[in-house]
Amino acid sequence: MPIKTKPGETTTLPTDRESPLQFRTNPEVQQRLDEYKAANKGDVEYYSRVVKEAPGRAVDMLLHKDMQRHESEMRLVEKQMPQAKEFYDQQPAHIKERIDERLKAVSPYYREKAFVGEVLREMNRKNRQLLTTPKTGMAAAV
């Protein structure tokens with residue numbers, strides 16, 4: 001519960017408090033969102049009411065959408081994991097160390113997703129090397 005002040009009394013916030021949130025605006029996204037809101041007025045009223053009356057529930061609703069997206073991404077990661085492990089196991093020690101180093105600070109909750117991402121990055125690096133290395137025995141085009 002917030003601390004109520006007496007009328008006429010001013011309070012000063014400590015200087016070490018967080019700065020107010022600043023949002024970026026994208027006019028194209030905002031236009032699409034405005035059109036969606038106009039078509040779904042009942043949803044706008046419901047969500048506005050949830051934010052006012054039950055902010056904890058509003059947070060849960062937003063996080064639930066993020067969680068669903070994460071779970072969808074993890075289903076793809078599960079399909080990619082066997083090939084990623086196979087690629088990783090075939091790599092020399094210095095490449096494994098490079099991948100492991102990048103994964104060191106990753107939360108265990110996101111470890112598998114990050115592992116697949118790093119393996120894909122390493123595979124892309126190998127593919128670029130193949131494309132940039134000149135083939136031996138090829139005559140220069142004139």
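**View 1. Arg-98 and its salt bridge to Glu-122 in a predicted model.** Arg-98 is partly exposed at a relative accessible area of 27%, whereas Glu-122 is buried at 1% (buried is under 20%, exposed over 50%, partly exposed in between; 1.4 Å probe, protein chains only). Their side chains meet N to O at 2.6 Å; a salt bridge is a side-chain nitrogen of Lys or Arg within 4 Å of a carboxyl oxygen of Asp or Glu. Arg-98 lies in helix H4 and Glu-122 in helix H5, 24 residues apart (helices are DSSP runs of H or I, at least four residues, numbered from the N terminus). Salt bridges with shared partners join Arg-98, Arg-102, Glu-118, Arg-121, Glu-122 and Arg-125 into one network. Residues are numbered from 1 along each chain as its sequence is written. In this predicted model, local features need pLDDT of at least 70, side-chain atom pairs count only at pLDDT 80 or more, totals for chains, interfaces and linings use all residues, and side-chain values use heavy atoms, without hydrogens and water.

**View 2. The salt bridge between Lys-113 and Glu-73.** The closest N and O atoms are 2.4 Å apart. Lys-113 belongs to helix H5 and Glu-73 to helix H3, 40 residues apart. Lys-113 is partly exposed at 30% relative accessibility, and Glu-73 is partly exposed at 30%.

**View 3. The salt bridge between Asp-66 and Arg-69 within helix H3.** The two residues are three apart, about one turn of the helix, and their closest N and O atoms are 3.4 Å apart. Asp-66 counts as partly exposed because its relative accessibility is 37%.
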